[in-house]
Amino acid sequence: MAWRGLPEPKAMRAERALGPVVPPAFPDDAVAGLCVLASGSGGNCSVLVVRGSGEKPAHVALIDAGLSPSRTRKLLSVRGIPLHWVDDVVLTHLDRDHFHPGWRRARDCRATLRLHRRHLPRAEREMSLLQRNEPFEDGFEVGPVRASTVMLAHDSLGVAAFRFEIERGRERTELGFATDLGRATPALVEHLSGVPVLAIESNYCPELQAASARPAFLKQRIMGGAGHLSNQEAADAIHAIEPADHVVFLHLSRECNSPDLLGELHGGADYGWTISTQFEPTPWVWLRACETPGRPRLDRVIRRTVERQSSLFAPADGGA
């Protein structure tokens with residue numbers, strides 16, 4: 001169903017109540033910016049903005065929408081983005097902490113919902129669609145953003161991991177985004193290898209997970225290869241992907257993880273890093289123009305993976 005351009009007084013009143021919005025100030029060499037509004041079992045939502053010619057970004061996309069529309073609106077305003085600027089809502093999958101049921105009733109949202117075609121029947125069954133909906137198979141292209149995907153095992157329907165290629169005139173950059181992975185596969189490594197900025201989950205510490213009071217079935221779901229990555233698994237994946245500039249850690253467990261544990265693993269890394277939380281947005285992570293962003297040859301990735309002899313990886317089909 002297409003948006004019909006009807007007035008939205010309720011949304012406009014809500015945004016005015018938040019006070020004046022100060023758009024993000026892009027550094028001179030930044031093509032785009034990423035801010036994780038919140039990440040964890042209580043809800044996941046990130047915002048990707050592409051630099052425009054004026055104050056308003058050229059494109060705004062939410063990556064997952066696991067917060068209520070009202071909370072999303074408030075957190076976006078903290079980072080200088082009114083909700084009505086959002087062009088796209090891009091879903092990794094349809095779990096409640098990645099797509100909040102409140103969006104089903106958010107008739108003031110003009111964004112296009114982009115979800116993998118594998119998730120479409122569930123979305124239709126649960127009425128988890130917006131007024132504009134565009135399923136994709138291998139990816140999509142809209143404005144300055146081109147996204148390609150690889151599907152990985154997570155629960156029954158799998159999860160989409162994204163490589164975003166962003167062009168602004170002659171400048172370009174890339175972002176890798178991967179969460180709820182179950183395990184990292186050679187397909188994921190090849191797909192994301194060499195991105196300047198990588199956002200990836202680092203969900204739990206195995207020792208804390210084993211010692212927790214969680215029921216056995218939940219521990220098995222998380223640690224069984226179709227749930228989440230441990231801190232060490234995430235670190236191994238990062239080592240194989242080799243992000244050029246920065247890593248953003250997503251989806252930390254509040255009960256079975258801590259920022260200090262990540263600091264111990266990544267303290268001497270040659271990349272910068274940011275840890276997201278459930279409670280407040282991260283600072284902007286700027287995606288700067290790159291002369292030669294791109295993926296290394298697949299044979300190099302496979303050779304590096306074999307040489308590491310890591311038990312992290314599943315067979316090379318990499319799919320769910």
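**Surface, core and rings**

A: The protein chain exposes about 14,200 Å², and carbon and sulfur atoms supply 51% of that area. Accessible areas come from the Shrake-Rupley method with a 1.4 Å probe, and for residues only the protein chains shown count as cover.

Q: What kind of model is this, and how are residues numbered?
A: It is a predicted model, where local features need pLDDT of at least 70, side-chain atom pairs count only at pLDDT 80 or more, and totals for chains, interfaces and linings use all residues. Residues are numbered from 1 along each chain as its sequence is written, and side-chain values use heavy atoms, with hydrogens and water left out.

Q: What does the pLDDT average?
A: The protein chain averages 86, and 84% of the residues score at least 70. pLDDT is the predictor's confidence in each residue, from 0 to 100.

Q: Where does pLDDT stay under 50?
A: Residues 1-8 are one such stretch, with 14 contacts beyond four places in sequence in the model. Residues 296-320 are also below 50, and that stretch has 46 contacts beyond near neighbours in sequence. A contact means heavy atoms within 4.5 Å. Where pLDDT is low, the predicted coordinates should not be read in detail.

Q: OK, how many helices and strands?
A: The protein chain has nine helices and 14 strands. These are DSSP runs numbered from the N terminus: H or I over at least four residues for helices, E over at least two for strands.

Q: How much of the chain is buried?
A: Of the 320 residues, 57% count as buried. Buried means under 20% relative accessible area, exposed means over 50%, and partly exposed is in between (1.4 Å probe, protein chains only).

Q: Which residues touch the most others in the largest nonpolar core?
A: Val47, Val89 and Trp103 do, in a core of 32 residues. At least two core residues come from each of strand 1 (30-38), strand 2 (45-50), strand 3 (59-63), helix 2 (69-78) and strand 5 (112-116). Strand 1 gives the most, with four residues. A nonpolar core is a set of buried Ala, Val, Leu, Ile, Met, Phe, Trp, Tyr and Cys residues joined through side-chain atoms within 4.5 Å.

Q: And what does Val89 touch?
A: Not counting residues up to four places away in sequence, Val89 touches Leu62, Ala65, Ala111, Thr112, Leu113, Arg114 and Leu130.

Q: New topic. How many aromatic pairs are there?
A: A search of the whole structure finds six. Rings of Phe, Tyr and Trp (its six-membered ring) pair if their centres lie within 6.5 Å; planes under 30 degrees apart count as stacked, over 60 as edge-to-face and the rest as tilted. Phe26 and Trp286 form a tilted pair, 5.1 Å centre to centre with 50 degrees between the planes. Phe26 lies in the loop between helix 1 (9-17) and strand 1, and Trp286 in strand 14 (residues 285-288), so the pair ties together parts 260 residues apart in sequence.

Q: Are Phe26 and Trp286 buried or exposed?
A: Phe26 is buried, and so is Trp286.

Q: Which residues make up the ring cluster?
A: Phe136, Phe140, Phe162 and Phe164 are linked into a cluster by ring pairs.

Q: Last one: where is Thr92?
A: Thr92 is in the loop between strand 4 (88-90) and strand 5. With a relative accessible area of 0%, Thr92 is buried. Leaving aside neighbours within four places in sequence, its contacts include Asp64, His98 and Phe162.
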